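Please open the model in your viewer and keep the sequence panel beside it.

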Amino acid sequence: MGTTISTERVKAILDVLDETYGTEYICYLNHTEPYELLIAVILSAQCTDERVNMVTKDLFVKYPTLDAFASASASELEKDIHSIGFHRAKSKNIINCCKKLISEYDGRVPDNMDELLTLDGVGRKTANVILGNVYHIPSIVVDTHVLRISRRLGLTTESDPVKVEKDLMRVLPEEHWILYNIQIITFGRNICYAKKPKCDECPLQDLCINV
């Protein structure tokens, strides 16, 4: 059973987030094509966006097309992304993912959860990033910041990302789902750290239950 929270409390939280971080849609992973974002998100597992952007800056030049990634040598791609964690598994997933995009989806990144989940290296978190950032389909990305801070704000009591996603979909207005992701990630990176959060500087201090 999900957590109970009043619409007034949710509105108060979202109003503070809007006022503090604005309402502009931002993607922190650099890309120009949907497949590039998909690759970047696969790379971002257990890795910072900053590191991924450093790697993809050269990666997307060396492999300028979807076909180039699909036909890449796994060992060569491993070397190209060696500074990112789990580079062997990610190299294999990226190549297989790109091959499937070409063979089954005519080179187009799918626009629905079920089809996205058939791709190598793609879970719900990655799929939701694509749905929200590429297709602007309301979605909630439960990364470490969203999970931690949503608990601290009392929006969920769950620790499983899928359950947290369901709780947030239930309590947050759908038109704010994507924006909530963006705002909370910024908030988590700058204020609400996992360890030693800057509570004295927190704009949501009065609404935090410090779970």
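This is a predicted model: local features need pLDDT of at least 70, side-chain atom pairs count only at pLDDT 80 or more; totals for chains, interfaces and linings use all residues.

Viewed for its handedness, the crossing of α2 and α3 is right-handed. Now show side chains at the contact, where E36, I39, A40, L43 and S44 of α2 meet D49, V52, T56, L59 and F60 of α3. By class, the residues of this contact of α2 with α3 comprise six nonpolar, two polar and two charged.

Next, select residues 7-21, which form helix α1, together with residues 177-190, which form helix α11; the two pack with their axes 10 Å apart, at an angle of about 65°. At that angle, α1 is roughly perpendicular to α11. The crossing in which α1 passes α11 is left-handed. On the α1 side, display L14, L17, D18 and Y21, and on the α11 side the residues that they meet, namely L179, Y180, Q183, I184, T186 and F187. The contact of α1 with α11 is made up of seven nonpolar residues, two polar and one charged.

To find them, select T126, A127, N128, V129, I130, L131 and G132, the buried residues of α8. What these buried residues pack against includes both α2 and α11, already visited, along with α7 (113-116) and α10 (161-171).

Finish with the cysteines, asking which of them, if any, are paired; a search of the whole structure finds zero disulfides. Select C97, which is in no disulfide, and take the distance to the nearest cysteine sulfur, that of C98, which is 5.3 Å away. C97 is buried, with a relative accessible area of 2%. Then go to C199, which is likewise in no disulfide, the nearest cysteine sulfur being that of C208, 6.4 Å away. At 39% relative accessibility, C199 counts as partly exposed.

Methods:
Residues are numbered from 1 along each chain as its sequence is written. Side-chain values use heavy atoms; hydrogens and water are left out. A crossing is left-handed if the near helix is turned anticlockwise from the far one by less than a right angle, and right-handed if clockwise. Helices (H or I, at least four residues) and strands (E, at least two) are DSSP runs, numbered from the N terminus. Contact means heavy atoms within 4.5 Å. Ala, Val, Leu, Ile, Met, Phe, Trp, Tyr, Cys and Pro count as nonpolar, Asp, Glu, Lys and Arg as charged, and the others, Gly among them, as polar. A disulfide is a pair of cysteine sulfur atoms within 2.5 Å. Buried means under 20% relative accessible area, exposed over 50%, partly exposed in between (1.4 Å probe, protein chains only). Axes are lines fitted to C-alpha atoms, for helices over the stretch in contact, and angles run from 0 to 180 degrees between N-to-C directions. Angles under 35 degrees count as roughly parallel, over 145 as roughly antiparallel, 65 to 115 as roughly perpendicular and the rest as oblique.
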